[in-house]
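Open your viewer and get the selection tool ready. We will walk from stop to stop, and at each one you will hear what to select and what is there.

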Amino acid sequence: MKQIRYLLRKVITDGTGKNLDLENLEISGKTGKTDKNEISCCAYFKIDESVYTCLVIISNPKEGYPSGGMMCGDVIKGIINELNVK
């Protein structure tokens with residue numbers, strides 16, 4: 001389990017989820033892209049005593065390069081901002 005957590009953290013710090021690497025919050029997750037033209041990002045993070053998991057799937061993205069880390073990551077960052085994380 002420790003290795004899985006490490007790998008999911010590395011996706012955010014060094015991989016396709018770099019867009020989600022925030023200074024004030026440790027986030028781990030996995031990005032993806034299917035052959036059905038869907039992109040995704042599943043991320044989890046802890047705020048105070050609560051653990052949050054966000055899964056964002058975008059079907060047929062219309063603008064820009066389809067990237068789970070970028071497009072879906074932006075949605076997750078918006079959710080984190082709404083949670084008012086400092």
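A residue is called buried under 20% relative accessible area, exposed over 50%, and partly exposed in between, using a 1.4 Å probe and protein chains only. K10, with a relative accessible area of 31%, is therefore partly exposed. Before going further, note that this is a predicted model, where local features need pLDDT of at least 70 and side-chain atom pairs count only at pLDDT 80 or more, while totals for chains, interfaces and linings use all residues. Residues are numbered from 1 along each chain as its sequence is written, and side-chain values use heavy atoms, leaving out hydrogens and water.

**Stop 1: the salt bridges**

(The term stands for a side-chain nitrogen of Lys or Arg within 4 Å of a carboxyl oxygen of Asp or Glu.) Both residues lie in helix α1, four residues apart, about one turn of the helix. Helices (H or I, at least four residues) and strands (E, at least two) are DSSP runs, numbered from the N terminus. D14 is partly exposed, at a relative accessible area of 47%.

How many salt bridges are there by this rule? The count comes to two. For the other, select R9 and D21, whose closest N and O atoms are 3.5 Å apart. R9 sits in helix α1 (residues 2–14) and D21 in the loop between α1 and β1 (27–33), so this pair ties together parts that are twelve residues apart in sequence. D21 is partly exposed, with 36% relative accessible area.

**Stop 2: the hairpin**

Now color strand β2 (residues 38–47) and strand β3 (residues 50–59): they pair in the antiparallel sense over ten bridges. Strands count as paired if DSSP finds at least two bridges between them. Pick I39 and look across to β3, where its bridge partner is I58.

Then move to the loop between β2 and β3 and select D48. The hairpin has two residues between its strands, and D48 takes a positive phi near 55° there. Most residues other than glycine have a negative phi. D48 is exposed, with a relative accessible area of 68%. Another stop of this kind is N37, which has a positive phi of about 60° although it is not a glycine; look for N37 in the loop between β1 and β2.

**Stop 3: the rings**

Which rings make up the one aromatic pair? Select F45 and Y52: their ring centres are 5.6 Å apart and their planes at 15°, so the pair is stacked. Rings of Phe, Tyr and Trp (its six-membered ring) pair if their centres lie within 6.5 Å, and planes under 30 degrees apart count as stacked, over 60 as edge-to-face and the rest as tilted. F45 is buried at 1% relative accessibility, whereas Y52 is partly exposed at 29%.

**Stop 4: the cysteines**

Show the cysteine sulfurs next. There are zero disulfides, a disulfide being a pair of cysteine sulfur atoms within 2.5 Å. C72 has its closest cysteine sulfur in C41, 6.4 Å away, too far for a bond. C72 is buried, with a relative accessible area of 0%.

**Last stop: helix α2**

Finish by selecting V75, in helix α2 (residues 68–82). V75 is partly exposed, at 38% relative accessibility.
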